[in-house]
Amino acid sequence: MSLLSLTNVSKTYAGVQALRSVSLAIATGEIHALMGENGAGKSTLIKILAGVVAADTADIAIDGQPATIDGPGDAFAHGLRFIHQELNVVPSLSVAENIFLGRSYPRRLGGLIDWDRLADAARQALRRLGISHIDPRTKMARLGVGDRMLVSISAAFLDSGAGTARLYVMDEPTAALTGEEAERLFTVLREIRKAGRSVLYVSHRLDEVTRLCNRVTVLRDGGVIATKAMAETSQDDIILMMIGRQVNEAYPPPLAPAGNEVALAVRGLQGDGLDPLSFDLRKGEILGIAGLAGAGQSEVLRLLAGADRAHRGRVQLGASEGPPRGLATAWRSGIAYVPRERRSEGLVLTRPISDNITLPHLARFSRGGVFLARRQEQAAARAIGENVRLKARGPRQLCRELSGGNQQKVVFAKALSGRPAVLLLDEPTRGVDVGAKFDIYALIREWSAKGMAVLIASSDFPELLGMCDRILVMRDGAITTILDAEGLSEAALLDHCYGRSRGSVTARAAAG
Amino acid sequence: MTTLLRRYGTLIGFAAIVIFFSVSLPDTFLTARNWLNISQQVSMLTVVAAAMTIVMAMGDFDLSVGSMASLAGVVVATLFVHDFPVWAAVAIALLVGLAGGAINGVLVSLIGILPFIATLATLTVFSGAAFLISGGKTIFGRDIPRSFSDFARNGIPLGTIGDQKLTLPYLTILALAVVAVVWVLMEQTTFGRRLYAIGGNREAARLSGVRIRSLRLVAFSLTGFGAAVAGLMYASRVASANPTQGSGLMLSAIAAVFLGMTMSEEGEPRVLATLIGVLVLGALDNGLTQMSVDSYVRDILVGVIIIAAVASSSLWKRFR
């Protein structure tokens, strides 16, 4: 008998069928993967389970007994626990308070909160995940994204008197975690499975899923394609089921060799938390930035884009030479920037696709820099939209209504429509489905063959190795080396990121 | 159907108000003369609400518009007392509005004070200045030149119906002109496009090279200017100026923008929708006055209508 079975789940949003009579059964004591491209319906299904969204039709059974989920309270009472991709944390409260959010705090005589016991309980919850470097009394705001995720996960694993957890639903829990942190999470998940509880695990990372999960259910276009035992399927099969077509090679080969002419020369550029940086980026070259989480990869891009202030140093781009002068100037001089967080930094979700694409280049789509030239704007948005293989109803569709992969394509279209000389990409394919990922790689190749210089910061090492000509390695805010990507292995790159002696770095991470 | 109801709920409400008063006041409400009258009554509110739409498009607020309108009226009247020519007095009063708005802009964008707090503070500053300049008294009578007060009394004759002469008041024309200018600014220029982008996602707009500081500064200056225009219209209409006469405008203007925002899918303030909001308030005011309903009851009704409109629109969004 299944722990949880869903049958005939359908949901329509504003005339669009998000889920078509989906069925899903999760056995007791299994880790069940839920996969599918962005827009396939995974998020909708999870939201229905969580009681956040009401399904049009849904038959839910728990332990074979019919059940209803009319709100988050019902989901909790049924023993469902959720770890969402977007972190639900209160930055102004401490780690311990966040872990105990919505639960009763330990009290001392007179009803006052027993802060010491609270901190101890939180420390134990963290230790379960093998975390000792986070102080429960620290303010959440002072933690990085990875640490915040770890705290959220610890909170979900904490059992309180309010009922026992039976099924954990996790949406991309490792997106912000380092390899080591992810491994610790997997250990805990396996323990959970041994204890007879279940996990519904949503992830884009195929190797994680194949290593960890017992079965996999693949969604495409709102319907279930198949549920298979992991032992009876392969990564290629899963990809095929997800996108409905064969992907021959994950990374397309270069269309033209990188040039020798320097597109962007960086000399002694220094910003907050960074040592002075110097490197050359050549025309048609794809240069990667690798490092452990927080080594300064994003900060380098933000400095060059003009988003953060540079304290000293100079940048030469074509004929212009000098210190970076802010975002508007950078865009105008041909530096395009694709930020890390597409929803909060990349897009104005409430605005149409075309408005987003032309926002940095409005001067070009206006008469005298004042009056909007809408026809030109629509035509340009349509053309670049086709170039990035955007799937949308038209340039006036709101970005909010697009899937994650298509939203990222809008961000690319925005960056590319100014025909930039330099393209800065921060985690360009994070949270993007396989199909859109391949489109984005092909796009980067196409434009770099035209002479555009590309700088990619990514925590996805296969991506860096598959796409880049050279890779900058960063540690603690400094460039430690520049490697040729040709013939470099993932393990070797990782060793460089750790500074070659992995043991000492691990020890330091554990210490603080 | 439900989408329709949500989008056009305010418009349907407006129609319901018009139908209700047409039935209750069959002879006087739905007449050309009465609507020309309403258009004049709401002309000041129209200008302030249109100006308010500019800052609200960025997700900001200006609470100081009412006291700025009073200040501009007092400034122009005081200059008349000192025998300034009309054009000079008007120009100086408008500059005061621009400068006051720029002060709001500096506080909000350069210093980084929350608009609510910054404009609440300047509200009392402008109001205090208006009292100080006027000595707390109403300036009226011969001090106000005829050429200034005649503007509000006259208009373009539209012909006659029966024995009634119909005129399109200059105040109405001016208000419509301001709406037209704001519409062009917000819907047809790069400036408006950038303001809406800031309102939608400030960080994404910034990272796209939108110069947020200078745009906010300009937007607040324009709103201050609009408030001063309304203050002068008011002073012309009543041929006098006192330091509190604009104070009712701020809440009504914000209410009109909110009513208009319920008509937009994304909850964005749009100037034509704001105009509908103004007309809802104006029609309600006019009808209730004609029915001799107590003005306190009117205030309660206006509040209830705002709550009903905004609540229904956000409830629709939640259950979508």
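Let's start with burial in chain B: of its 320 residues, 49% count as buried, where buried means that 20 or more other C-beta atoms, placed from the backbone, lie within 10 Å of the residue's own. In chain A, buried residues make up 44% of the 512 residues.

A quick word on what you're looking at. This is a predicted model, in which local features need pLDDT of at least 70 and side-chain atom pairs count only at pLDDT 80 or more, while totals for chains, interfaces and linings use all residues. Residues are numbered from 1 along each chain as its sequence is written, and chains are lettered from A and ligands numbered from 1 in the order in which they are written.

Staying with chain B, there are 14 helices and four strands; these are DSSP runs, H or I of at least four residues for helices and E of at least two for strands, numbered from the N terminus. The C-alpha atoms of chain B fill a box of roughly 60 × 50 × 35 Å along the principal axes. A compact globule of 320 residues would have a radius of gyration near 20 Å, and chain B agrees, with 20 Å. That radius is taken over C-alpha atoms, and the globule rule is 2.2 Å times the number of residues to the power 0.38.

So how do the helices pack? Take helix 9 (residues 190-200) and helix 11 (residues 212-238) of chain B: their axes are 11 Å apart, at an angle of about 110 degrees. The axes are lines fitted to C-alpha atoms, for helices over the stretch in contact, and angles run from 0 to 180 degrees between N-to-C directions. Helix 9 of chain B and helix 11 of chain B are therefore roughly perpendicular, a label for 65 to 115 degrees; under 35 is roughly parallel, over 145 roughly antiparallel, and the rest oblique. R194(B), L195(B) and I198(B) of helix 9 of chain B make the contact with I212(B), L215(B) and A219(B) of helix 11 of chain B. Contact here means that the C-beta atoms of two residues, placed from the backbone, lie within 7 Å.

Next, helix 4 (residues 65-81) and helix 12 (residues 249-261) of chain B, whose axes come within 7 Å and cross at roughly 135 degrees. That makes helix 4 of chain B oblique to helix 12 of chain B. On helix 4 of chain B we have V65(B), G66(B) and A69(B), meeting L249(B), M250(B) and A253(B) on helix 12 of chain B.

Over to chain A, with 18 helices and 22 strands. Its radius of gyration is 24 Å, close to the 24 Å from the globule rule for 512 residues, so chain A is as compact as a globular protein of that length. Chain A is divided into domain 1 (2-243), domain 2 (249-334 + 420-512) and domain 3 (345-418), with bounds from an automatic or database domain assignment.

Where do domains 2 and 3 of chain A meet? Twelve residues of domain 2 of chain A are in contact with twelve of domain 3 of chain A. On the domain 2 side, helix 15 (residues 434-449) of chain A gives the largest share, six residues.

Finally, the two chains together: 24 residues of chain A are in contact with 20 residues of chain B. On the chain A side, helix 10 (327-332), helix 11 (342-346) and strand 18 (371-372) of chain A each give two or more residues. That side divides into 15 nonpolar, five polar and four charged residues. For the classes, Ala, Val, Leu, Ile, Met, Phe, Trp, Tyr, Cys and Pro count as nonpolar, Asp, Glu, Lys and Arg as charged, and the others, Gly among them, as polar.

How values were computed:
A residue is buried if 20 or more other C-beta atoms lie within 10 Å of its own, exposed if 12 or fewer, and partly exposed in between; C-beta atoms are placed from the backbone.
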